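Dear colleague,

Please find the structure below, handed over for your records.

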Amino acid sequence: MGYCRNIGLGGIFIITGNCPPIDAEIEVDVVVPAFDPAPDEILFRHTGRVARIQACEDLRGFAVTGHFENENAINPGVTAGAVSWQ
């Protein structure tokens, strides 16, 4: 689990206490909370590799370079801020 700090078409930076290793291949699910008129959360899936791990004071995070999948599915059962890797 983590929180998105910065996001763009080519990558994403995630703040978390548990960083995957550099060069790990990961899949990140970014959840945008529901807002009017959209009734449900929106899920964006990003796949890529960990490019760097960065620590600053009490915060740790990692950068992923990759791409967003084309399927922007609306999935109301997703937990906000979900990040997973193996």
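Glu27 has a relative accessible area of 35% and is therefore partly exposed (buried means under 20% relative accessible area, exposed over 50%, and partly exposed in between, with a 1.4 Å probe and protein chains only). Its partner in a salt bridge is Arg45, with the closest N and O atoms 3.5 Å apart; a salt bridge here is a side-chain nitrogen of Lys or Arg within 4 Å of a carboxyl oxygen of Asp or Glu. Because Glu27 lies in strand 3 and Arg45 in strand 4, the pair ties together parts that are 18 residues apart in sequence. Strands (E, at least two residues) are DSSP runs, numbered from the N terminus.

The model is predicted: local features need pLDDT of at least 70, side-chain atom pairs count only at pLDDT 80 or more, and totals for chains, interfaces and linings use all residues. Residues are numbered from 1 along each chain as its sequence is written, and side-chain values use heavy atoms, with hydrogens and water left out.

Arg45 is partly exposed at 26% relative accessibility. Its side chain also meets that of Asp29 in a salt bridge of 2.6 Å, N to O. Asp29 lies in strand 3 and Arg45 in strand 4, so this pair ties together parts that are 16 residues apart in sequence. Asp29 counts as buried, at 15% relative accessibility.

Asp23, Glu25 and Arg49 are linked in a network of salt bridges. Asp23 is partly exposed at 48% relative accessibility, and Arg49 is partly exposed at 37%. The count comes to 4 salt bridges.

With kind regards

Notes. Helices (H or I, at least four residues) and strands (E, at least two) are DSSP runs, numbered from the N terminus.
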